[in-house]
Amino acid sequence: MLKLHGIKMSNYYSIVKLAMVEKGIEFEEVQQMPGRDEDWLARSPMGKVPSLETPDGPLAETMAIIDYLEETHPDPSLWPGDAYARARARQIAHHAIYYIDLAARPGLNSAAFGAPEDPAINKMVGKATPRGIQSLARIAQFDPWVAGSEFTAADIVVANTVPLAQMVCQKLCDIDIMSELPGLADYIGRVNAREASQKIAADK
Ligand SMILES: N[C@@H](CCC(=O)N[C@@H](CS)C(=O)NCC(=O)O)C(=O)O
């Protein structure tokens, strides 16, 4: 059986877990903190969570895991069937990771784990993250899902990256990034109302 290693408070872990629950895949969860010990690095070369234990070996990196799950468990699909629509949905998922999550993440230790604040980091986070959100407006549809009428993995990624970035920006920069994009807050509420999202929230 597939085993998902990581911690429930990790948003990347939640992305993979939500994809598995949405797909109805059976799996076991293995509690694993990020770390640098050799055993864990063999499963996740950067020591990050999550990592998936597959019958063929370990696999790290969230989007690679999502692709693996899609190929091994194609039904229900988490990507649109049409090549362009699929690429656009992937574009949105990558946008959320690179320009929203990674823009805010340098402030995470201060915002959530009590590390001292660094004004230079706060400034960088407060500049880059709103830009990521504003530019998402150019590709997001919220009609009702982020890539259009079909629920996709892009929804899973956006709904599990924006709220963390929102928390960091609010705490460190007093910026409400949700308000930068009309419809975003309601849309995230729609994703969170899905049965699979409710299960993940209850597990936390
Ligand atoms: N690129 C990785 C990012 C995963 C990631 O950043 N995980 C965080 C937890 S949410 C982590 O392990 N942080 C600890 C560290 O960076 O050492 C992925 O796509 O899975």
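This is a short tour of the structure above, stop by stop.

Before you start, note that the model is predicted, with local features needing pLDDT of at least 70, side-chain atom pairs counting only at pLDDT 80 or more, and totals for chains, interfaces and linings using all residues. Residue numbers start from 1 along each chain as its sequence is written.

**Stop one: the two domains**

Select residues 2-72 for domain 1 and 83-194 for domain 2; these bounds come from an automatic or database domain assignment. Their centres, taken over C-alpha atoms, are 22 Å apart. Now look at where they meet: seven residues of domain 1 are in contact with seven residues of domain 2 (contact means C-beta atoms, placed from the backbone, within 7 Å). On the domain 1 side, α1 (11-23) and α3 (62-72) each supply at least two residues, and α1 gives the most, with five. Helices here are DSSP runs of H or I, at least four residues, numbered from the N terminus. This side of domain 1 has five nonpolar, two polar and no charged residues. In that count, Ala, Val, Leu, Ile, Met, Phe, Trp, Tyr, Cys and Pro are nonpolar, Asp, Glu, Lys and Arg charged, and the others, Gly among them, polar.

**Stop two: the ligand**

Which residues surround the ligand? Select S10, N11, Y12, P34, G47, K48, V49, E61 and T62, each with its C-beta atom, placed from the backbone, within 6 Å of the ligand. This shell has three nonpolar, four polar and two charged residues.

**Stop three: α4 against α6**

Next, pick α4 (residues 83-104) and α6 (residues 119-136). Their axes lie 7 Å apart at an angle of about 155° (axes are lines fitted to C-alpha atoms over the stretch in contact, and angles run from 0 to 180 degrees between N-to-C directions). The two helices are therefore roughly antiparallel, the word for angles over 145 degrees. H95, Y99, I100, A103 and A104 in α4 meet V125, A128, T129, G132, I133, S135 and L136 in α6. Eight of these contact residues are nonpolar, four polar and none charged.

**Stop four: α6 against α8**

From α6, N122, V125, G126 and T129 meet A165, V168, C169, L172 and C173 of α8. Here the contact has six nonpolar, three polar and no charged residues.

Definitions and conventions
Two residues are in contact if their C-beta atoms, placed from the backbone, lie within 7 Å. Angles under 35 degrees count as roughly parallel, over 145 as roughly antiparallel, 65 to 115 as roughly perpendicular and the rest as oblique.
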